[in-house]
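Colleague: I am new to this structure and would like to go through it in questions. Please show it first.

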Amino acid sequence: MKVLVCTDGSELSAKAVEAAIGVAKPLNAEIVGMTAVRGEEPREGLAGEDLNVQERLAQIYEAARTAGLKCRVMAVHGQAPWMCITKTAVDEDVDFVVMASRGMGSLGSLFIGSETQKTLAQIDRPVLVVR
């Protein structure tokens with residue numbers, strides 16, 4: 001069994017990582033951690049954004065390792081986060097996805113974020129949305 005967890009570095013996505021670990025632990029499921037990066041494949045060398053991506057992925061990896069779970073992490077490049085999430089879910093053949101209801105750029109907490117809405121509308125497997 002595989003659980004895909006997505007992060008953008010926000011506090012709410014950190015809660016999504018915790019929830020994914022909580023779901024995966026009793027099932028001894030593998031964690032597949034990802035963060036979406038807008039644009040084409042990465043350039044040579046590390047820019048500030050690249051370091052931020054590495055930090056986000058390291059947080060997922062360390063949380064899974066601490067819980068004793070197998071984990072792989074990846075930065076997925078694409079036009080929009082929802083596209084990266086749905087593609088990764090299919091490519092990695094995950095059983096379900098855990099993600100935050102809103103991301104870094106969102107205001108308020110009454111409505112679900114647009115990337116989450118798009119993911120829910122397009123994905124073909126269960127999604128746990130963390131608030």
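Colleague: Where is the closest cysteine sulfur to the sulfur of Cys6?

Modeller: Keep in mind that this is a predicted model. A disulfide needs two cysteine sulfur atoms within 2.5 Å. The gap here is too far for a bond, because the closest cysteine sulfur to that of Cys6 is 9.6 Å away, in Cys84.

Colleague: How many disulfides does the count come to?

Modeller: Seen from Cys84, the closest cysteine sulfur is that of Cys6, at 9.6 Å, which is too far for a bond. By the 2.5 Å rule, the count of disulfides comes to zero.

Colleague: Does Cys6 count as buried or exposed, and at what relative accessibility?

Modeller: Buried means under 20% relative accessible area. Cys84, at 3%, counts as buried. Cys6 counts as buried too, because its relative accessibility is 7%.

Colleague: Which pattern does the protein chain follow along the sequence?

Modeller: The secondary structure comes to four helices and five strands. Read along the sequence, they give the pattern β-α-β-α-β-α-β-α-β.

Colleague: What is the order of the strands in the open sheet?

Modeller: The sheet has five strands with parallel pairing. Its edge strands are E3 (71-78) and E5 (127-130), each of which pairs on one side only. Neighbouring strands are turned by 25° against each other on average, direction ignored. The order is E3-E2-E1-E4-E5.

Colleague: Which residue in E5 is the bridge partner of Val98?

Modeller: E4 and E5 run parallel and are joined by four bridges. In E5, the bridge partner of Val98 is Leu128.

Colleague: At what angle does helix H3 run to E2?

Modeller: Helix H3 covers residues 81-91 and lies across E1, E2 (30-38), E3 and E4. After H3 comes Asp93, with a positive phi near 50°. The angle of H3 to E2 is about 150°.

Colleague: Which elements are included in what covers the buried residues of H3?

Modeller: The buried residues of H3 are Pro81, Trp82, Cys84, Ile85, Thr86, Thr88 and Ala89. Their cover includes the strands E1, E2, E3 and E4, and helix H4 (114-122).

Colleague: Which residues touch the most other members of the largest nonpolar core?

Modeller: In soluble globular proteins, nonpolar side chains tend to be buried together. Here the largest nonpolar core has 17 residues. Those that touch the most other members are Val3, Val5, Ile21, Ile31, Leu69 and Val98.

Colleague: Which element gives the most to this core?

Modeller: Two or more residues each come from strand E1 (2-6), helix H1 (11-27), helix H2 (48-66) and strand E4 (96-100). With five residues, the element that gives the most is H1.

Colleague: Which residues does Leu69 touch, not counting those up to four places away in sequence?

Modeller: Leu69 is one of the core residues that touch the most other members. Leaving out residues up to four places away in sequence, Leu69 touches Ile21, Ala24, Lys25, Asn28, Ala29, Ile31 and Ala64.

Colleague: What share of the contacts with a separation of 6 or more joins residues 24 or more positions apart?

Modeller: The protein chain has 131 residues, and 44% of them count as buried. Its accessible surface comes to about 7,400 Å², with 53% belonging to carbon and sulfur atoms. For the contacts with a separation of 6 or more, the share from residues 24 or more positions apart is 74%.

Key: Residues are numbered from 1 along each chain as its sequence is written. This is a predicted model: local features need pLDDT of at least 70, side-chain atom pairs count only at pLDDT 80 or more; totals for chains, interfaces and linings use all residues. Side-chain values use heavy atoms; hydrogens and water are left out. A nonpolar core is a set of buried Ala, Val, Leu, Ile, Met, Phe, Trp, Tyr and Cys residues joined through side-chain atoms within 4.5 Å. Buried means under 20% relative accessible area, exposed over 50%, partly exposed in between (1.4 Å probe, protein chains only). Contact means heavy atoms within 4.5 Å. Accessible areas come from the Shrake-Rupley method with a 1.4 Å probe; for residues, only the protein chains shown count as cover. Two strands pair if DSSP finds at least two bridges between them. Axes are lines fitted to C-alpha atoms, for helices over the stretch in contact, and angles run from 0 to 180 degrees between N-to-C directions.
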